[in-house]
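Work through the exercises below with the sequence and the coordinates open. Each task is followed by its solution.

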Amino acid sequence: MLGKGRKVSGRGETVTANYAFGPAEDDAIIKHRLLTRTTTTRGEPPLKKLQRKFTSFVLEVEKDEENYNDCAKLSKAFLQELSTFEIPLLKSKAVIDANLREKENFNELKDEMNRQISLVQTDIEELKKQLEESKIERQHKEECEAIRKLISAQPPRSETQKSIREIEKEIAALEAENTAGSRLLELRKKQFALLLHVVDELQNTIEEDQKSLIEEMRMVTEEQKSGMDDASGGSEAMAVD
């Protein structure tokens, strides 16, 4: 953006006012005006006024006439104007110093806040670790408590051992009974095998007896038949006679 110049006439003097539209140019112009005090909101600018009084004093001193009273008046006026011009500068310096102190305090406060934030972040990370460790420890305690309850629900050791001894006795009795049963079963197997052998022998004997009886009956029958044949032959012979 381009600045624009404007001529302002007052008391035979020409003042150039520059107007800038950019923020950086505005700040530079305001800073220059505050340092040089070349402008004011009302009346003649202080620096211009001081320059005018100084110029009047110098011009009066350079005259060859005996004008000590006028020089004294102009000198006094210049010193008064200089004092008036110096007071706002002292005030501005005091404000600047206060602002600098405030800025230093703010920077110190900022550094302290950053340090506190860093400490808090460190504490947060440490607390996170402690929280994780507490969760793991709590989980272990819960598991131990569950195991303890499970153990508490079981009977005492003496009763368990007594039950074990009774079960061992029962197992021994069952093993003895099983052994006796096995022996009895083996005996029964032998007896059954012997019985089958006897039955088989008996069956063979019966079959032999049956065969012998049939053979005897056949022989008796044949003998009877032969006797009957002989008897019928004798009868016929007797009848012929």
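**Exercise 1.** State what share of the chain is buried.

Solution. The model is predicted: local features need pLDDT of at least 70, side-chain atom pairs count only at pLDDT 80 or more, and totals for chains, interfaces and linings use all residues. Residues are numbered from 1 along each chain as its sequence is written, and side-chain values use heavy atoms, with hydrogens and water left out.

**Exercise 2.** List the secondary structure elements and their pattern.

Solution. Take helices as DSSP runs of H or I with at least four residues and strands as runs of E with at least two, numbered from the N terminus. The count is 4 helices and 2 strands. Along the sequence the pattern is β-β-α-α-α-α.

**Exercise 3.** Check the span of helix H3 against its residue count.

Solution. The expected span is 1.5 Å times one less than the number of residues. Helix H3 (residues 68-153) has 86 residues, so it should span 128 Å. Its end C-alpha atoms are 122 Å apart, which agrees. Within H3, Cys71, Phe78, Glu81 and Phe85 are buried.

**Exercise 4.** Classify Leu195 and Glu208 by accessibility.

Solution. Leu195 is in helix H4 (residues 157-240). Its relative accessible area is 46%, so Leu195 is partly exposed. Glu208 is also found in helix H4. Its relative accessibility is 48%, so Glu208 is partly exposed as well.

Note on methods. Buried means under 20% relative accessible area, exposed over 50%, partly exposed in between (1.4 Å probe, protein chains only).
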